[in-house]
Each structure stands twice: as structure tokens, then as C-alpha cells.
Amino acid sequence: MSKDQPNRYGANQIAEIANGIVDPVLARRAGINTALLGSWEDIVGENFADCTRPEKIAWPRRSDLPEDGGHRPGVLTIACEGARALFLSHAQGELIARINGFFGYPAIGQVRIVQKPVSVASVRPRIRKLEGEKARRLEAMMEGIEDGNLRRAVERLGTAVLQAKRK
């Protein structure tokens, strides 16, 4: 099933329709997409998720590219609140590596930090640790996952799913 075709029930998800409309506008105006915005918290980590927001990516002009047609990385502008910008500037190298890992190629070569208020649209509620049988069940499901980042992501997902209230 392609992105533009409805699912088996004959309906598209609203998020897919909205992303189809918003992505071209964001790409034209800011050089970013909804996937980057949606994954921002995972990319920057807990230390900077609440105080940063990607603003735009400035890509080099085509005339600035080398004659052999090679790719040159862009400059990502990040809005950051107050004094935390200093700590973000010290973590720039790691942040650039994580962003490029998200894109899958060296898309960003430099980060520009702009100090300004960052409004977080929705703050996720803190999920309490599982206890008892649910905790043992989740631990059994995660057995064999060696990668630390993957294990934490699966644990967050599993905790949220197992704690979800059934109606």
C-alpha cells in the first residue's frame, strides 16, 4: 500500500494527510520535515528536549556546490531557552552526529543556536515504573535486546502500553 492510497478500510490516517500537506511547506520555508520535528525529543535526549526546538535548515545554494555535484551539509538553527544554550553548544558535536544519524547521511555540518523561549506544545505525562507481574512480563519481552538505546525505547513503549487504561 503506497502512502497516497487509502488503507484496507478505505480511509487515510489524518496524520498522513496532514504530513502530506505540511511537509512541502516546511521543506520550502524551513528546510525541515515533520519526521525531524516528531523525533526531536529522541534525537536531542532528555537533557535538551524541553528547552530546544529546530527552527530551520539552511542548505547551500546550488551555485555554491562543487562542480562535481557533491553534497554539502546544511546549517541547522536551533532555538534554545536561556542559559541551557551554553550546555547545548558544548554538546554540538554529539548533537550533529545524532541528527546525521537520523537523516542517514551527513545532512548537517554546523549548528546555529538562537536564544529564545521555546514553547512545548504538549508535555508527555511521566509514566510510572511498572510493578509486579507487568514488570516481569515486560522484562521477559525485552530479553535478548542488547542495544541500550533500543532497549530504553522498547521499555518506554512497553511501559506505556502495559499501563494504558482499558475502556
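## The nonpolar core

The largest nonpolar core contains 20 residues, and Trp40, Leu76, Ile78, Ile99 and Ile108 are those with the most contacts inside it. This description rests on a predicted model. At least two residues of the core are supplied by each of α2 (34-44), α3 (46-49), β2 (74-80), α4 (84-90), α5 (92-103) and β3 (108-115). Helix α2 provides the largest share, four residues.

In soluble globular proteins, nonpolar side chains tend to be buried together.

Leu76 belongs to strand β2. Its relative accessibility is 0%, and because buried means under 20%, Leu76 counts as buried.

With its neighbours within four places in sequence left aside, Leu76 is in contact with Trp40, Pro54, Lys56, Ile57, Ile99, Ile108, Gln110, Val111 and Arg112. Among these partners, Trp40, Ile99 and Ile108 are also named with Leu76 as residues with the most contacts inside the core. For Gln110, the separation from Leu76 is 34 residues in sequence and 6.4 Å in space, C-alpha to C-alpha.

## An aromatic cluster

Two aromatic pairs are present in the structure. In one of them, the ring centres of Phe102 and Phe103 lie 5.5 Å apart and the planes meet at 70 degrees, so this pair is edge-to-face. Phe103 also pairs with Tyr105; this pair is tilted, with 6.1 Å centre to centre and 55 degrees between the planes. Through these ring pairs, Phe102, Phe103 and Tyr105 are linked into a cluster.

## The packing of α6 and α7

Helix α6 (residues 132-141) packs with helix α7 (residues 148-163) at an angle of about 145 degrees, and their axes are 10 Å apart. The crossing of α6 and α7 is right-handed.

On the α6 side, Lys134, Arg137, Leu138 and Glu139 make the contact. On the α7 side, the contact is made by Arg151, Val154, Glu155, Gly158, Thr159 and Leu162. Sorted by class, the contact of α6 with α7 has five charged, three nonpolar and two polar residues.

Key
Residues are numbered from 1 along each chain as its sequence is written. This is a predicted model: local features need pLDDT of at least 70, side-chain atom pairs count only at pLDDT 80 or more; totals for chains, interfaces and linings use all residues. Side-chain values use heavy atoms; hydrogens and water are left out. Axes are lines fitted to C-alpha atoms, for helices over the stretch in contact, and angles run from 0 to 180 degrees between N-to-C directions. A crossing is left-handed if the near helix is turned anticlockwise from the far one by less than a right angle, and right-handed if clockwise. Contact means heavy atoms within 4.5 Å. Ala, Val, Leu, Ile, Met, Phe, Trp, Tyr, Cys and Pro count as nonpolar, Asp, Glu, Lys and Arg as charged, and the others, Gly among them, as polar. A nonpolar core is a set of buried Ala, Val, Leu, Ile, Met, Phe, Trp, Tyr and Cys residues joined through side-chain atoms within 4.5 Å. Buried means under 20% relative accessible area, exposed over 50%, partly exposed in between (1.4 Å probe, protein chains only). Rings of Phe, Tyr and Trp (its six-membered ring) pair if their centres lie within 6.5 Å; planes under 30 degrees apart count as stacked, over 60 as edge-to-face and the rest as tilted.
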